[in-house]
Amino acid sequence: MIEEKGILFILSGPSGVGKGTVRKALFSRDTDLKYSISMTTRQQRPGEKDGVDYFYKTKEAFEALIEQNQLLEYAKYVNNYYGTPRNYVEETLAAGHDVFLEIEVQGALQVKENFPEGVFIFLFPPSLEELKNRIVHRGTESAELVLNRLKEARKEIEMMDAYDYVVVNDHVDLAVEKIQSIIQSEHLKRERIAKQYKQLLEDEL
Ligand SMILES: Nc1ncnc2c1ncn2[C@@H]1O[C@H](COP(=O)(O)OP(=O)(O)OP(=O)(O)O)[C@@H](O)[C@H]1O
Ligand SMILES: Nc1nc2c(ncn2[C@@H]2O[C@H](COP(=O)(O)O)[C@@H](O)[C@H]2O)c(=O)[nH]1
């Protein structure tokens with residue numbers, strides 16, 4: 001009997017490219033995916049809710065989670081910790097649901113080591129100029145933090161080759177449609193492999 005586990009999808013890419021915007025638009029259409037809410041030590045932005053946007057933690061509490069191996073991956077990004085709760089992801093996949101992570105690149109590469117069967121999608125900006133405009137116009141970071149995030153963005157874009165798919169976020173709706181196609185084709189691919197495997201077992205009997 002083949003185990004029917006969910007698929008882990010990882011959306012990653014530089015700060016300001018539109019990961020959060022695209023993810024929210026995707027979730028407003030696709031109700032079958034389960035979003036893994038991350039832990040962070042960064043300050044809550046106005047309008048953000050604990051337990052909805054993130055689980056906000058002190059540095060000490062976050063380091064205790066690392067110590068207890070409760071994070072599937074974590075990264076220090078521009079002076080704050082961000083991490084994915086291990087139990088939620090493993091239990092949700094085991095229950096047969098697809099899980100969706102929206103994380104930065106260092107963390108995505110850690111996930112790849114533990115879950116090479118995950119589907120890694122890199123969201124790419126139409127241009128570096130547009131990336132800068134998006135972070136600046138969002139208005140959530142100081143000028144210094146915007147510069148730090150842009151510095152990270154250059155390093156992150158260099159890691160793009162490690163991903164299975166690259167999606168350009170020129171228009172939100174188009175980016176969402178491309179991600180929906182990726183999800184659908186990954187399911188079809190796995191169904192086909194499962195059928196071939198079943199056939200192989202039957203032929204051997
Ligand atoms: N396709 C798009 N066209 C124009 N603006 C966009 C598009 N996608 C996102 N934006 C805008 O760009 C800004 C950054 O988007 P968002 O916060 O979703 O990025 P992010 O990748 O999640 O950033 P971070 O990694 O810093 O959390 C927001 O103001 C958002 O409205
Ligand atoms: N490695 C991880 N990165 C994460 C996680 N949750 C979010 N993020 C990424 O951090 C940056 C900054 O986020 P912001 O909310 O402060 O703008 C961004 O790229 C997020 O995608 C996580 O669990 N692990």
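Predicted model: local features only at pLDDT ≥ 70, side-chain atom pairs only at ≥ 80, totals over all residues.

Reader: Is Y81 buried or exposed?

Author: Count C-beta atoms, placed from the backbone, within 10 Å of the residue's own: 20 or more others make it buried, 12 or fewer exposed, and anything in between partly exposed. Y81 has 21 other C-beta atoms within 10 Å, so Y81 is buried. Y81 lies in strand β6; strands here are DSSP runs of E with at least two residues, helices are runs of H or I with at least four, and both are numbered from the N terminus.

Reader: What does N80 touch, again not counting residues up to four places away in sequence?

Author: N80 touches T40, T41 and R42. N80 also lies in strand β6, but N80 counts as partly exposed because there are 13 C-beta neighbours inside 10 Å.

Reader: Which residues have a positive phi although they are not glycines?

Author: N69 is one of them, with a phi of about 60°. N69 sits in the loop between α2 (59-67) and β5 (71-77), and N69 is exposed because 8 other C-beta atoms lie within 10 Å. V78 is another example, with a phi of about 45°. V78 is in the loop between β5 and β6 (80-85), and with 15 other C-beta atoms within 10 Å, V78 is partly exposed.

Reader: Now for helix packing. At what angle do α1 and α7 cross?

Author: Axes are lines fitted to C-alpha atoms, for helices over the stretch in contact, and angles run from 0 to 180 degrees between N-to-C directions. Helix α1 (residues 19-29) and helix α7 (residues 172-204) cross at roughly 65°, and their axes come within 9 Å. For handedness, a crossing is left-handed if the near helix is turned anticlockwise from the far one by less than a right angle, and right-handed if clockwise. The crossing of α1 and α7 is right-handed. T21, V22, A25, L26 and R29 of α1 meet V172, A175, V176 and I179 of α7.

Reader: How do the residues of that contact of α1 with α7 divide by class?

Author: The classes work like this: Ala, Val, Leu, Ile, Met, Phe, Trp, Tyr, Cys and Pro are nonpolar, Asp, Glu, Lys and Arg are charged, and the others, Gly among them, are polar. The contact of α1 with α7 has 7 nonpolar, 1 polar and 1 charged.

Reader: What domains does the chain have?

Author: Domain bounds come from an automatic or database domain assignment. Here that assignment gives domain 1 (1-33 + 98-205) and domain 2 (37-96). Their centres, taken over C-alpha atoms, are 18 Å apart. In the contact between them, 18 residues of domain 1 meet 15 residues of domain 2. On the domain 1 side, the largest share, 5 residues, comes from α4.

Reader: Where does ligand 2 lie?

Author: A residue is near a molecule if its C-beta atom, placed from the backbone, lies within 6 Å of it. Domain 1 and domain 2 both give residues to the shell around ligand 2, so ligand 2 lies between them. Of the 15 residues around ligand 2, S38, Y82, I103, E104 and G107 come nearest. β5, β6 and α4 each give two or more residues to that shell.

Reader: And which residues are closest to ligand 1?

Author: S15, G18, G20, T21 and R134 are the closest of the 13 residues that surround ligand 1. By class, the shell around ligand 1 has 2 nonpolar, 8 polar and 3 charged residues.

Definitions and conventions: Residues numbered from 1 in each chain as written. Chains lettered and ligands numbered in written order. Contact = placed C-beta atoms within 7 Å.
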